[in-house]
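Work through the exercises below with the structure open. Try each task before reading its solution.

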Amino acid sequence: MARKHLLSDLVPPKLSADNSSVEVQTSPEPAAAAFVSRGAIGAVSRSIELLKSQSITEIDPDVIDAPDVTDRLEESDEHFQDFAAQIKEHGQQVPILVRPHPTQEGRYQIAYGRRRLRAVKAVGRLVKAAVRQMSDEELILAQGQENSARKDLSYIEKALYSAELERKGYSRQLIMGALGVDKAAVSHLISTAARIPADVIRMIGPAPKAGRDRWVEFANRAEQKGALEKARNLLQGSLKDRPSDERFVAVFEGLAPTKKPSARARVWTADDGVKAARFKDENKSLTLIIDKQAAPNFGEYLMTVLPELYRGYKDAYKRANDEEGSN
């Protein structure tokens, strides 16, 4: 099937007996003619606009299944209940897109509109849908184009979706088309998702306010020893019922690297009782601070004899090694 016909003729001339439905007419709109985008994604855009001028059908939500790869993480129950209440009061204004199920006769598989489908099912109604024969690749392009048009997929939803598509064997070229991003962006999305276990991502949720940079830093923090166990414990405990963005922030802050307390400087006192210097002995350095008021010119003198002191250190170190070797 040519991609330019991806979503044209959205409703087949006649549904089978197993897929019988009530047909509802919508008023035609000429908006599709205004689209001038080129390529596969442009064709999908034009075809989606044709939804408004095509016949649609009403289908029992119970016979519609999710696709093999879903693009969205579950939203909070509170947000969903608000959306379902709107559907109940005003009805379903925008149809969903489905295809006949590729392996189960009498059932359908959704391309996009999962949230609408769930809400319509919750209020006990038939769902308005356009039905179209589509390949797996065409379904993914349609799904991605719908989300790109709304621009409401969060960064981590795109990352997880990209990674799961690649795991299923789809090409990066197809993923680029589905999300409307370039090759570098797809690589970055997949890399981020690969560094964070999917179960942790799903427990956090879409976190729409957390963009790319914070998710990348989250991945860095998740690689610390014991970090993933700590994250799971937080998410399964008190954070479980909090909004997605709050869950992200709490875990992000909970995985922040702990700074080791800095070593305190100690005072070095000379034989004559002068507190000539302070020093700080840490793992990788020893810092010496000369008190110019207590010992004027001592620092300058120390720098002049430092080469001799270093040679003496090297000679002593060599003699110690030689003696150890002879024993």
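This is a predicted model: local features need pLDDT of at least 70, side-chain atom pairs count only at pLDDT 80 or more; totals for chains, interfaces and linings use all residues.

Residues are numbered from 1 along each chain as its sequence is written, and side-chain values use heavy atoms, with hydrogens and water left out.

**Exercise 1.** Find how the axes of α6 and α7 cross, and which residues meet.

Solution. 
- Locate helix α6 at residues 172-179 and helix α7 at residues 183-195. Helices are DSSP runs (H or I, at least four residues), numbered from the N terminus.
- Take the axes, which are lines fitted to C-alpha atoms over the stretch in contact, with angles from 0 to 180 degrees between N-to-C directions. They come within 10 Å and cross at roughly 100 degrees.
- Therefore α6 and α7 are roughly perpendicular to each other (65 to 115 degrees).
- List the contacts (heavy atoms within 4.5 Å). R172, I175, M176 and L179 in α6 meet K183, V186, S187, L189 and I190 in α7.
- Sort these residues by class: six are nonpolar, one is polar and two are charged. Ala, Val, Leu, Ile, Met, Phe, Trp, Tyr, Cys and Pro count as nonpolar, Asp, Glu, Lys and Arg as charged, and the others, Gly among them, as polar.

**Exercise 2.** Decide whether E157 and R167 are buried or exposed.

Solution. 
- E157 lies in helix α5, residues 155-167.
- E157 counts as buried because its relative accessibility is 4%. R167, at 63%, counts as exposed. Buried means under 20% relative accessible area, exposed over 50%, partly exposed in between (1.4 Å probe, protein chains only).
- The side chain of E157 reaches the backbone nitrogen of S154 at 3.0 Å.
- R167 and V69 are 98 residues apart in sequence, yet 10.0 Å apart in space, C-alpha to C-alpha.

**Exercise 3.** Name the buried residues of α11, and what covers them.

Solution. 
- In helix α11 (residues 244-254), the buried residues are S244, D245, R247, F248, V251 and F252.
- Their cover includes α8 (198-204), α9 (212-222) and α10 (227-236).

How values were computed:
Helices (H or I, at least four residues) and strands (E, at least two) are DSSP runs, numbered from the N terminus. Angles under 35 degrees count as roughly parallel, over 145 as roughly antiparallel, 65 to 115 as roughly perpendicular and the rest as oblique. A polar contact is a pair of N or O atoms within 3.5 Å; within protein, one must be able to donate a hydrogen and the other to accept it, and residues adjacent in sequence count only if both atoms are side-chain atoms.
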